[in-house]
Amino acid sequence: MIDRADMSSGSASTSTAGGATTAADGTTSSSFWRNNSRTIPGRPTTVTNRIGSGRPIGAGSSGSSSSFQDYQDSVSDAWDLGDDEFCIISGVVDTRISKRASQTAALNVIKTHKSTNSSGVSNTNVQNATRSDTQQISPVGSDQPGRLEQQPQSEDSSLKVTTALRIENLDIQPQQPQQRPPLKDGTEYVNDQRLRQRFHAYPGRPQLLKLSSNVASKDVECESKYEKFSNILEAPLLNLIALKELSWSGVPRKMRAVTWRLLSGYLPTSLERRQTVLERKRVDYRKLVQQYFDADRRDESQQDTYRQIHIDVPRMNPHVALFQQQLVQEMFERILFIWAIRHPASGYVQGINDLVTPFFIVFLQEAVGADKDLEQCQLSDLSSEQRDIIESDSFWCLSKFLDCIQDNYIFAQLGIQAKVNQLKELIQRIDGTAVMTSASFSTNSRVYLPNSLPTGTLHRHLQLHGVDYLQFSFRWMNNLLTRELPLYCTIRLWDTYLAESDGFAVFQLYVCAAFLLHWRDQLLQEKDFQGLMLLLQNLPTHNWMDSHIGVLVAEAFRLKFTYADAPKHLEAKS
Amino acid sequence: MSAGPYNYSYIFKYIIIGDMGVGKSCLLHQFTEKKFMASCPHTIGVEFGTRIIEVDKQKIKLQIWDTAGQERFRAVTRSYYRGAAGALMVYDITRRSTYNHLSSWLTDTRNLTNPSTVIFLIGNKSDLESTREVTYEEAKNFADEHGLLFAEASAMTGQNVEEAFLETARKIYQSIKDGRLDLNSSETGVQHKPAQPGRTTLSNDAQTNKENCFC
């Protein structure tokens, strides 16, 4: 908790420091604290009241929590994200009780949605369901969904803002049980997996085929955010914290390119300086190309790096025509080569090429227009200026993006080895006992096998069958799940990564944990090493949508929240 | 394959090693799926494949670890050598550099596996005769000198792929029959019909499993 506070206030001061004038000015800084009533940092009570509609938080919430909330009220830390979640959890003394309550609440939500969903999901509907799903720890009133749906207009507008804040497009929970009746789930998924093993048995093949398949659904979900993004982005001095909060749950397509530039720290917060900086950076990149690529590429000492990149780029997305275009491959070669030269401690590591792709796609989409189908896109139809912009912006954003995970790619990949060990410890703590299991993974059990949770635990199951975490999670860490998810899901995931206040290095660990736990029930059904390994290397995500990612990051957030700053928390049971 | 009585008598663990781009993953894919993947993305870390074969009327399940070729992944891939019964060492007959690196791959293999590990040298891409840079004779001499099995193969046409995997298994099985291979040691990469689900891997986690008596 102290760490969070420190980091958050640190980033808060950085963002204000970005425009030196504001602190003296006074108006901006005061509006920073006041304008968004939903995000008053360190002020849990307002949020709590709204969400719980005045109902008591948990069975034993009065004693210790009030004193802590007093303390919270007395300090003004900038909780740059997740302030509301934090408050609710801090108010709960016994997490187990509240989890049970939340499960009931969530099941009620599902029931409600089953009956109401047929005529399309209304906005409030989605937001509300979302909220209660993520807030599993808090006993969000189980009677709320109905009430909200009936009188959406009468709700305090700030409530909508609050509920929309983080997990706006998580309509998966209500929809999932509808699409896949719980009883059929197990078999359907197993069959699915067998089929996949049969027909897509090549492990880790990037699943890019449906590059833009869920365009429509995405836009509907994000439409309501469009205006909020516009307001933030057009402010003379960007409120980076607000942008992060808004982006965490997904960025609308049309806003993504500029938002990513801002979130990665490539663009300055000051609106009037942005264009100048952009132009300068793009010129800088052209110079780098001349300096490094045109000259060093033929340098003896760099030959290996260049050759390696040259071999890798053509085969990185072999099934997508877009990436077979000569112009695209040349752009990737330059980006990767220059990055490698400028980062000698790591150099080029296979997998980094996959990390360029999301940036490239987002900036390409911006260049050709948000409605265009990228799979049909010909780079030669773009002007060379447009191509240069895509390339240089991809390069700079990639560089910023990788800054926080450089230890993943240094000698012996120590960062990854450490994270794999952390993942193992984490899963051991989370899924150490059956009691904890049923409480913690109501998300999964609800979606898949609600009433037949296997009694074993995932960690023990993996250990028993000799599956080592390194064997499957190395690639997750090295490629940031790009090999496990369809490309548009990766892009959605990176909205969240880029919006993480202190870089996503730590958060990614929890995303991997949530990802692993998502498949828990299916994994427990595999009875031998081969079955487990093949499933783990071919996880059936090909039908995933943005909403799956929404659930994934929400669960990761919850896990991080519960475990990250409490190394001994809940340990006694395992 | 997951439940029910075991339909195989042994598990052999294999690793596939060699420079990047020599076709390790394609060989594995050709062997397990009997199909050629025209262009497969490079392997990150390791990937796993499995297939049941028959040697001397014994059903044998192969657990095959396909390793990434890039030097940077070596720290991670090295951990898979231990307890390998068979090692397929691959070079590309159209790229001499991949052949020149064989001695370093061989050193790694010798250091990290056990003396009974069968090493099979594969000169891949034998279908690309026109761009050949390494002759059959040269590689054959290298293999004989170091006591390796050898064949040129093509993951594309499938030529000799099956043979390489099967011949390796035959050699391992011969060692078992001759009593040169100690079935009670987890280091050998061989496991007799599993007595319990816990004994499905061979080495890394032997200590986490309970009794392992195969008598």
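The model is predicted: local features need pLDDT of at least 70, side-chain atom pairs count only at pLDDT 80 or more, and totals for chains, interfaces and linings use all residues. Residues are numbered from 1 along each chain as its sequence is written, chains are lettered from A and ligands numbered from 1 in the order in which they are written, and side-chain values use heavy atoms, with hydrogens and water left out.

**A buried asparagine**

Let's start with A:Asn479, in the loop between α25 (469-478) and α26 (487-499) of chain A. Helices (H or I, at least four residues) and strands (E, at least two) are DSSP runs, numbered from the N terminus. A:Asn479 has 0% relative accessibility and therefore counts as buried; buried means under 20% relative accessible area, exposed over 50% and partly exposed in between (1.4 Å probe, protein chains only). Its side chain makes a polar contact of 2.7 Å with that of A:Asp354. Such a contact is a pair of N or O atoms within 3.5 Å; within protein, one must be able to donate a hydrogen and the other to accept it, and residues adjacent in sequence count only if both atoms are side-chain atoms. Beyond its neighbours within four places in sequence, A:Asn479 also touches B:Ile44, among others (contact means heavy atoms within 4.5 Å).

**An enclosed helix**

In chain A, helix α15 (residues 253-263) has nine of its eleven residues buried, so the rest of the structure largely encloses it. Among the buried ones are A:Arg253, A:Trp260 and A:Arg261. Just after α15(A) comes A:Gly265, with a positive phi of about 85°.

**Aromatic pairs**

Rings of Phe, Tyr and Trp (its six-membered ring) pair if their centres lie within 6.5 Å; planes under 30 degrees apart count as stacked, over 60 as edge-to-face and the rest as tilted. Over all chains there are 37 aromatic pairs. Here are two of them:

| Pair | Centre distance | Plane angle | Type |
|---|---|---|---|
| A:Phe359 and A:Phe401 | 5.3 Å | 80° | edge-to-face |
| B:Tyr10 and B:Tyr173 | 5.8 Å | 75° | edge-to-face |

A:Phe359 sits in helix α19 (residues 352-368) and A:Phe401 in helix α20 (residues 384-402) of chain A, so their pair ties together parts 42 residues apart in sequence. A:Phe359 is buried at 0%, as is A:Phe401 at 4%. Both belong to one aromatic cluster that also includes A:Trp260.

**Charges over rings**

B:Arg51 lies over the face of B:Phe31, 4.3 Å from the ring centre, and B:Arg74 over that of B:Trp105, at 3.9 Å. The rule asks for NZ of Lys or CZ of Arg within 6 Å of the ring centre and within 35 degrees of the ring normal.
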